[in-house]
Amino acid sequence: MWDEDWALLGIEPTTELGAIKKAYALKLKTTRPDDDAQAYQALRGAYERAQAWVKWRVQELMEPAPNEPAAQATPEPLPPAAAPPPPAQALTPSIDVLQELPRAPTPQELVADVEQQRLRCGAMALAQHLPALLQALNEVPVGQAEATSRAFAQWVLRHDDVPLDVLAALAAQFGWRGDYRAERALGADLSAALQTELDLRMPVPITDPELIEQAAPLLGLEQLRRRRLGGRLALLLGAFCVHSLQRLRAAFGDRLLRGLGLSPGQQTWLDNALMLSAVIRGLLPAALFAWASYALLEDWEKTARFVGLSFAAILGLRLLMKGAGLALWWDARQPGGAYFAGLVAWRSRQSSEWPGLALVVTGAAVAELVMAFWPAPWLSNTLGLLLVTAGMLTLRWGNSLAYSRALAGCLVAAALAMWSALGAHVQISTAAALGTLWTFLGWLVFEGRHPQLTGSPLAWLVRPVSNTLALCTRWGWGFASWPLLAVSAMALDAGLSGSLVFEWGAWNIVAFLLFISQNTVDGACHRWLARQVSRA
């Protein structure tokens, strides 16, 4: 019978309770009570008899017969269910068994001991105490195994600073992953919460070559900092392609980057590096612009005045784009929709854009009629702008905040371009109405809401708006504002304004050159960063 018990457990005869428990837990993964109740009962009986024999063996060696030496002590006969093995198989118990305490610690005591170590030495020091913790867990009685698993699961959920190796050891010890008994022991709610937390902290390692190749620029940027002066080089290099790296970082997220081998600390450094690179990205053009201005003006006072006014205009346009973008943003699912909840609800009920377009056209017509019969520019422009603004707000613009801000900038640039070219013949409100109609048509073509417009000649007419929105898609609304700034500056300059064709072409050329140049820089930086991974 004893030979059969050890064979069922799959191990050689031993007096180590930890080895018996590990063997029993390993066999339970393939011997389930739901599948084969008889096999499970046999395994359970073998496990209990092996434990009973170990305890008897320890007691027998520690309490020899009074008239015989300890080495020749003869055991008393055991009940049939727990008979000792033949003398040839007698084993010497291990030190762990001989030092076994009379009472095993409770689950609460084990968790409290680990928590004290965490508070006293820090979370990272728990890895040093991991062998002792695993030994204590191996000595937990079978009847307290589920309670111990629940206690440590709750402890893990309370603390997000548990080291990864400790978390992995606990998950393997209690079978939290891939073991059907874990959910039954923990309960559905606790098991679901624990699985979610384990997925966040211990994602499955990613081996997909395609995903690894896509994430190579981020991995290379992180590895670059480990070299001499690598951190500074990473910040400078990241400034040239920060928008694409930020988009790549958002696409992968924390979990996938953990699967690719980046720890939370490394991800924090990566986020901080991208943030600083974005700051450097904003300062570099400003420094180049100031240097070029001084080279042309050759006077510090004139340079300071010109650069200050230019930056004020840029900041004003950016703030206008941010504020107006909220008003144009109509997607009620986003938090920004709460600022204009009634307007968003009204837009969502509109089946077409014709009411808004009609208001815009009416505003231009009212402004021209009032000016024709009552030559009062302030009255005509006030009435016209009110109607144009009402129509503009009732149209369904960008369904994301980035697009809405880019479209707000297009509205400003288009209105200024119309006014600079047609100001001698139309009112300001009419120029604003023409800019609104032209920008909205470009948004419809870009969004593909009306497929018949995509291949029509109108698509070429509104190409500047489509190109600007393409820049916004790839690199954000801030990057897309540069062609808008250029067109607005040309419209306000009396020497450059006056031709819609010129401004249309300049808008297209600036957007196209920005797209080609930034795309080339991104590709070169990504390839160089990817090579850093292969060198590591």
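This is a predicted model: local features need pLDDT of at least 70, side-chain atom pairs count only at pLDDT 80 or more; totals for chains, interfaces and linings use all residues.
**Exercise 1. Is F311 buried, partly exposed or exposed, and at what relative accessibility?**

Residues are numbered from 1 along each chain as its sequence is written, and side-chain values use heavy atoms, with hydrogens and water left out.

*Solution.* 
- Step 1: Find the residue. F311 lies in helix 16; helices (H or I, at least four residues) and strands (E, at least two) are DSSP runs, numbered from the N terminus.
- Step 2: Recall the classes. Buried means under 20% relative accessible area, exposed over 50%, and partly exposed in between, with a 1.4 Å probe and protein chains only.
- Step 3: Apply them. F311 has 35% relative accessibility, so F311 counts as partly exposed.
- Step 4: Look at the surroundings. Leaving aside neighbours within four places in sequence, F311 is in contact with A286 and F289, where contact means heavy atoms within 4.5 Å. The C-alpha atoms of F311 and A286 are separated by 8.5 Å, and the two residues are 25 apart along the chain.

**Exercise 2. Describe how helix 15 packs against helix 16.**

*Solution.* 
- Step 1: Take the geometry. Helix 15 (residues 264–297) and helix 16 (residues 300–328) pack at an angle of about 140°, with axes 9 Å apart. Axes are lines fitted to C-alpha atoms, for helices over the stretch in contact, and angles run from 0 to 180 degrees between N-to-C directions.
- Step 2: Classify the angle. Under 35 degrees counts as roughly parallel, over 145 as roughly antiparallel, 65 to 115 as roughly perpendicular, and the rest as oblique. Helix 15 and helix 16 are therefore oblique to each other.
- Step 3: Helix 15 passes helix 16 in a right-handed crossing. A crossing is left-handed if the near helix is turned anticlockwise from the far one by less than a right angle, and right-handed if clockwise.
- Step 4: Name the partners. From helix 15 come A286, F289, A290, S293, Y294 and L297, which meet W300, K302, T303, F306, V307, S310 and F311 of helix 16.
- Step 5: Sort them by class. This contact of helix 15 with helix 16 has 9 nonpolar, 3 polar and 1 charged residues. Here Ala, Val, Leu, Ile, Met, Phe, Trp, Tyr, Cys and Pro count as nonpolar, Asp, Glu, Lys and Arg as charged, and the others, Gly among them, as polar.

**Exercise 3. How do helix 14 and helix 15 cross?**

*Solution.* 
- Step 1: The axes of helix 14 (residues 242–259) and helix 15 come within 11 Å and cross at roughly 170°.
- Step 2: Helix 14 and helix 15 are therefore roughly antiparallel to each other, and their crossing is left-handed.
- Step 3: The residues of the contact between helix 14 and helix 15 divide into 7 nonpolar, 4 polar and 5 charged.

**Exercise 4. Classify S191, W460 and V501 by accessibility.**

*Solution.* 
- Step 1: S191 lies in helix 10 (residues 188–201) and counts as buried at 7% relative accessibility.
- Step 2: W460, in helix 23 (residues 457–461), counts as exposed at 57%.
- Step 3: V501, found in helix 25 (residues 500–535), is exposed with a relative accessible area of 67%.

**Exercise 5. How many helices and strands does the protein have, and what share of its residues is buried?**

*Solution.* 
- Step 1: The protein has 25 helices and 0 strands.
- Step 2: Buried residues make up 40% of the 536 residues.
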